[in-house]
Amino acid sequence: MPRDEAKRVALSALYGEHMLLGARFGEGRSVLRYHGEPQGDDLVSALEQGCVLGDVSDAQVLVLWGEPVVAFAEAAFAGRRLAIGECAFEAVLTGDGTVASVPLLARTGGREYVCADLWERSEVLAAWLSFLGSVDQGGERPFAGLGSEDASGAHVALLLWGRDATEVLDDYVASAKDLPANGRIASCALDRIPCIVARRDLGEWPAYVVLVPPVHAVALWRSILSFGQVTPVGRKAMRILGREALPWTASLVAGDSLRIDVSSLEAAGLVREDETFVGARGIREHDSGGKRGAS
């Protein structure tokens, strides 16, 4: 399924629900904000005294697999090496050290990874990963046999984030142990609905990305919103909150070229200290030349 069509499938699953909430839409039917959505201190209170719920189905979700996938992941994704069941935000750098994006990477099997780009650089990221996967070095293709698929339309992606996020999801499972711990991903039945749930806390509050089959999306969306402490928010509010929790997200705007200094990337845990990933030398050489900051 073409990417644009896949995105429409996922986004249209909740389109009627967003209309009922007075949504204002952006490109591709992504929700920018809702009528009466909290702002300023009220928005922060919604996160710190409850939790926020957003439809992030405009995120690009890529599945990577095959014999060379571990080597590819450790070259393409600059963060820590993941064990099966782990997830983390990891920078993806081009050869000169510029940042393609910082997706959430999850290792879902011995030879399978899922990459979800929640920001505005998914087109840049997808193009670079495709190029890197097919690179030819003097007749040798180091990642020959790598498989990839755009799975953006296979699930509706929801982000539940805030103080009470764990408490809300706990109501759907037999035991809190069924939910993944921070930095983990798991298959969960949420009120008998089969979902994939990844937890990667944002700032000091728990955050869950819930991938739900489109056929069940409306039921789960309405159910989660039935909790009094859950506030629906659009993309604009998520950007504001995200920049407070993870300052590096402020740099992840649409565009072809983005550079973030290596000290900021390391401090955020987005790159590891060795030089085994693509772009490692580029970011350090750029910094040693006295050029600092994001551009």
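What volume does the second largest cavity have? In this predicted model, the second largest cavity has a volume of about 60 Å³, a cavity being a set of points on a 1 Å grid over the protein atoms alone where a 1.4 Å probe fits but cannot get out. The volume is the space filled by probe spheres set on the points, with grid points joined across faces, edges and corners. The model being predicted, local features need pLDDT of at least 70 and side-chain atom pairs count only at pLDDT 80 or more, while totals for chains, interfaces and linings use all residues. Residues are numbered from 1 along each chain as its sequence is written, and side-chain values use heavy atoms, with hydrogens and water left out.

The lining of the second largest cavity (residues with an atom within 4 Å of a point) includes Ala73, Glu74, Phe77, Arg80, Arg81, Leu105 and Arg272. By class, this lining comprises five nonpolar, one polar and five charged residues; Ala, Val, Leu, Ile, Met, Phe, Trp, Tyr, Cys and Pro count as nonpolar, Asp, Glu, Lys and Arg as charged, and the others, Gly among them, as polar.

In total, the structure holds four cavities of 30 Å³ or more. The largest cavity contains about 120 Å³ of space. Of its 14 lining residues, Leu104, Val114, Ala116, Val209 and Leu211 are the closest to its centre. Two or more lining residues come from each of β8, β9, β13 (193–199) and β14 (207–212), and β13 gives the most, with three. The lining of the largest cavity consists of 14 nonpolar residues, with no polar and no charged ones.

An open sheet of five strands is arranged in the order β5-β8-β9-β4-β10 with antiparallel pairing. Strands are DSSP runs (E, at least two residues), as are helices (H or I, at least four), numbered from the N terminus; two strands pair if DSSP finds at least two bridges between them. Because β5 (87–89) and β10 (147–150) stand at the edges with a single partner strand each, one side of each lacks a neighbour in the sheet. The twist averages 20 degrees from one strand to the next. Three bridges join β5 to the antiparallel β8 (residues 104–109), and Ala88 stands opposite Leu105 in β8. Helix α4 (residues 69–76) packs on the sheet, touching β4 (60–65), β8 and β9 (112–117), where contact means heavy atoms within 4.5 Å. The direction of α4 makes about 35 degrees with that of β9; axes are lines fitted to C-alpha atoms, for helices over the stretch in contact, and angles run from 0 to 180 degrees between N-to-C directions.

Notes: 1 Å grid on protein atoms, 1.4 Å probe; cavity = no way out; pocket = protein on both sides within 12 Å on 5 of 7 lines; lining within 4 Å.
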